[in-house]
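Dear colleague,

I am handing over the structure below, and my notes on what was found in it follow.

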Amino acid sequence: MASSADILERLMMIIEDRRDNPPERSYTTALFQGGTDKIGRKISEEAAEVVEAAGKVEEGDHQHLVYESADLIYHLFVMLGYHNVSL
């Protein structure tokens, strides 16, 4: 079973590959084409959704918070990849 660190490293590798070999119909490619402004807007949007989901967490029910956190991490990694910052 892959560790969390392995999974995050694999995600970063995929994002870097999308940057270097952009598929035409890729969401990641569209983010890269929009640059810091577009990626930054998505990070802000996802961060707000994380905070909103955290405010609605009920005892033992964290699923929505987990999903929103994953979206935020993905968009943060895209920003890092856009600026050639690797893990």
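**What was found**

T29 has its place in helix α2. Please keep in mind that this is a predicted model. With a relative accessible area of 5%, T29 is buried, and, leaving aside its neighbours within four places in sequence, it is in contact with R18, P22 and P23.

The largest nonpolar core is made up of twelve residues in all, namely M12, I15, L31, F32, I39, I43, V50, L72, Y74, F77, V78 and M79. The elements that give two or more residues to this core are α1 (4-20), α2 (27-55) and α3 (63-82). I43, one of the core residues, touches L72, H75, L76 and M79 when residues up to four places away in sequence are not counted.

A search of the whole structure finds two aromatic pairs. Y27 and Y74 form a stacked pair, with 6.2 Å centre to centre and 25° between the planes; because Y27 lies in helix α2 and Y74 in helix α3, this pair ties together parts that are 47 residues apart in sequence. Y27 is partly exposed, at a relative accessible area of 43%, whereas Y74 counts as buried at 16%. The rings of F32 and Y82 have their centres 6.2 Å apart and their planes at 20°, so that pair is stacked, and it links F32 in helix α2 with Y82 in helix α3, 50 residues apart. F32 is buried, with a relative accessible area of 10%, while Y82 is partly exposed at 32%.

L8 is found in helix α1 and, at 34% relative accessibility, counts as partly exposed.

Best regards

Technical notes:
Residues are numbered from 1 along each chain as its sequence is written. This is a predicted model: local features need pLDDT of at least 70, side-chain atom pairs count only at pLDDT 80 or more; totals for chains, interfaces and linings use all residues. Side-chain values use heavy atoms; hydrogens and water are left out. A nonpolar core is a set of buried Ala, Val, Leu, Ile, Met, Phe, Trp, Tyr and Cys residues joined through side-chain atoms within 4.5 Å. Buried means under 20% relative accessible area, exposed over 50%, partly exposed in between (1.4 Å probe, protein chains only). Helices (H or I, at least four residues) and strands (E, at least two) are DSSP runs, numbered from the N terminus. Contact means heavy atoms within 4.5 Å. Rings of Phe, Tyr and Trp (its six-membered ring) pair if their centres lie within 6.5 Å; planes under 30 degrees apart count as stacked, over 60 as edge-to-face and the rest as tilted.
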